[in-house]
Amino acid sequence: MTERKPPGVDFESFVDRQIRDAERRGDFSKLAGFGKPLPDDTAPYDALWWVKGKMHREGLTVLPPSLALRKEAEDAAEKAAAAVSEQQVRRILDEINEKIEAALRRPPEGPPLNLRPFDVEAEVAAWKERRS
């Protein structure tokens, strides 16, 4: 906690002394980002810059559920193509198919889903063909 400014001491010199003392103690070298360049300030001002930064650091996204599921299905197809075993391909596709079927029974908010469950047998056959 900071100390109170003594009476009769100029405010600026009081603050300067506190800053110098903190520098000597090394308080500023412990701050996050110390020694790193400042972020680019040429971008136009965004009133929600801190919200977007926090979301980026936390790995959050704000996609409507239907778009998030489309992206998840896309990622699942890539994972299945790169899988090392048939069992892994089936597990990946079965998991995403469960989510797609649930979304088809009760459509999520947002844009149309435009997804159908993967044909697991056809995908496994294509995976085997790519492997040979």
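Reader: What should I know about the model and its numbering?

Author: The model is predicted, so local features need pLDDT of at least 70 and side-chain atom pairs count only at pLDDT 80 or more, while totals for chains, interfaces and linings use all residues. Residues are numbered from 1 along each chain as its sequence is written, and side-chain values use heavy atoms, with hydrogens and water left out.

Reader: How many residues does α5 have, and what span should they give?

Author: Helices are DSSP runs (H or I, at least four residues), numbered from the N terminus. The expected span is 1.5 Å times one less than the number of residues. Helix α5 (residues 120–131) has 12 residues and should span 16 Å; its end C-alpha atoms are 16 Å apart, which agrees.

Reader: Which residues of α5 are buried?

Author: Buried means under 20% relative accessible area, exposed over 50%, and partly exposed in between (1.4 Å probe, protein chains only). In α5, Val120, Val124 and Trp127 are buried. They cover an arc of only 60° around the axis, which puts them on the same side of α5. The arc is taken from the directions from the helix axis to the C-beta atoms. As a general idea, an α-helix has 3.6 residues a turn, so residues three or four places apart point the same way.

Reader: What do the buried residues of α5 pack against?

Author: They pack against α3 (65–81) and α4 (86–105), where contact means heavy atoms within 4.5 Å.

Reader: How does α4 read by the span test?

Author: The 20 residues of α4 should span 28 Å, and its end C-alpha atoms are 28 Å apart, which agrees. Buried in α4 are Val89, Ile92, Leu93, Ile96, Asn97, Ile100 and Ala103. These cover an arc of only 130° around the axis, which puts them on the same side of α4. On the other side of α4, Gln87, Glu98 and Arg105 are exposed. The cover over the buried residues of α4 includes α3 and α5.

Reader: Is Gly26 buried or exposed?

Author: Gly26 is buried, at a relative accessible area of 16%, and lies in the loop between α1 (11–25) and α2 (49–58). From Gly26 to Glu78 there are 52 residues in sequence and 49 Å in space, C-alpha to C-alpha.

Reader: Where is Leu60 found?

Author: Leu60 is in the loop between α2 and α3. Leu60 is exposed, with a relative accessible area of 51%.

Reader: What volume does the largest pocket have, and which residues line the pocket?

Author: On a 1 Å grid over the protein atoms alone, a pocket is an open set of points where a 1.4 Å probe fits, with protein on both sides within 12 Å along at least five of seven lines; lining residues have an atom within 4 Å of a point. The volume is the space filled by probe spheres set on the points. Here the largest pocket has a volume of about 210 Å³. Its lining consists of Asp40, Asp41, Thr42, Ala43, Pro44, Tyr45, Asp46 and Trp49.

Definitions and conventions:
Helix = DSSP H or I, 4+ residues; strand = E, 2+ residues; numbered from the N terminus.
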